[in-house]
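Subject: Structure handover

Hello,

Here is the structure for your files. My notes follow below it.

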Amino acid sequence: MSAVAQQLIRAPIQVHGIEGRYASALYSAAYKQKKLDIVDKDFTAVREVYKTNPKFREFVQDPTLKPASRKAGIQACARKLGVCKEVENFLVLMAENGRLKKLNATMKTFESIMRAHHGELFVEVTTAEPLSKAHEKSLNEALQKFAKPGQKLNISILVNPAILGGLIVNINDRYVDMSIASRIKKYEQAHFLRQSEEEIWAQLWKGHVGWGYHEKGQDLAAHKPQLAPIVNVQLPNRWPRFH
């Protein structure tokens with residue numbers, strides 16, 4: 001193990017991906033310099049700007065900017081916000097490495113690290129409609145079992161009608177999708193995989209010409225000459241197979 005790796009302070013929770021590496025590095029540096037609270041406060045301010053300022057989001061996500069422009073732009077933003085030198089240097093580093101598009105994910109990951117650092121278990125629950133007080137109480141009691149002794153449970157409930165029903169639960173790096181939308185998607189995928197090759201081709205041709213030649217038990221290849229002129233395509237000599 002390198003000397004640099006040995007000097008790193010490990011994050012209190014396991015994190016993943018590019019955003020995890022950057023967030024962990026910021027946590028380690030701030031911890032060693034005894035500036036965690038300052039860095040956390042300033043990084044939260046940057047995240048608030050990201051959420052509320054469309055121009056800043058466009059700048060961060062713009063892939064056409066040259067490296068020098070990215071660096072100068074993010075440095076100007078950091079100084080305008082008045083963030084500490086550690087956060088400014090971190091933002092500049094992300095710009096120099098071409099990682100600004102990961103900024104939002106990195107800020108979210110750092111927020112999770114800091115919550116764990118403060119002994120907080122953050123749980124995000126998504127429902128299709130607002131929960132009643134009785135349901136909220138039951139949910140709180142169920143989620144409390146995930147908290148360790150002395151750990152404070154912090155629950156955020158989001159409403160997203162697109163999930164149709166059920167719940168989606170995020171607990172740190174764990175993710176459980178119990179939504180109806182997810183179940184429907186799995187059912188549709190399973191149903192598609194159960195279809196025979198001939199049934200799939202029959203549906204495809206029916207979509208092209210408005211009605212289907214295929215009848216159960218017939219060989220679709222026998223209809224190739226009749227179908228080709230209708231859909232105006234040059235069919236291959238052999239029907240392609242699904243693998």
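Two strands pair if DSSP finds at least two bridges between them. Helices (H or I, at least four residues) and strands (E, at least two) are DSSP runs, numbered from the N terminus.

Two points on the source. This is a predicted model, so local features need pLDDT of at least 70 and side-chain atom pairs count only at pLDDT 80 or more, while totals for chains, interfaces and linings use all residues. Residues are numbered from 1 along each chain as its sequence is written, and side-chain values use heavy atoms, with hydrogens and water left out.

Overall

The protein chain has 11 helices and four strands. It holds 243 residues, and 33% of them count as buried. Buried means under 20% relative accessible area, exposed over 50%, and partly exposed in between (1.4 Å probe, protein chains only). The accessible surface of the protein chain is about 16000 Å². Carbon and sulfur atoms account for 54% of that surface. Areas come from the Shrake-Rupley method with a 1.4 Å probe; for residues, only the protein chains shown count as cover. Take contacts (heavy atoms within 4.5 Å) between residues at least 6 apart in sequence: 59% join residues at least 24 apart.

The sheet

The four strands form an open sheet in the order β2-β1-β3-β4, with mixed pairing. Its edge strands are β2 (152-159) and β4 (174-179), each pairing on one side only. From one strand to the next, the twist averages 15 degrees. Strand β1 (residues 120-127) runs parallel to β2, and eight bridges join them. Threonine 127 is placed opposite valine 159 in β2. Helix α8 (residues 133-143) packs on the sheet and touches β1, β2 and β3 (166-171). The direction of α8 makes about 135 degrees with that of β2. Axes here are lines fitted to C-alpha atoms, for helices over the stretch in contact, and angles run from 0 to 180 degrees between N-to-C directions.

Aspartate 42

Aspartate 42 sits in helix α3 (residues 36-52). Its relative accessible area is 7%, so aspartate 42 is buried. Leaving out residues up to four places away in sequence, aspartate 42 touches Gly82, Val83, Cys84 and Val87.

Cysteines

Cysteine 84 counts as buried because its relative accessibility is 13%. Cysteine 77 has a relative accessible area of 27%, so cysteine 77 is partly exposed. A disulfide is a pair of cysteine sulfur atoms within 2.5 Å. By this rule there are zero disulfides.

Best wishes
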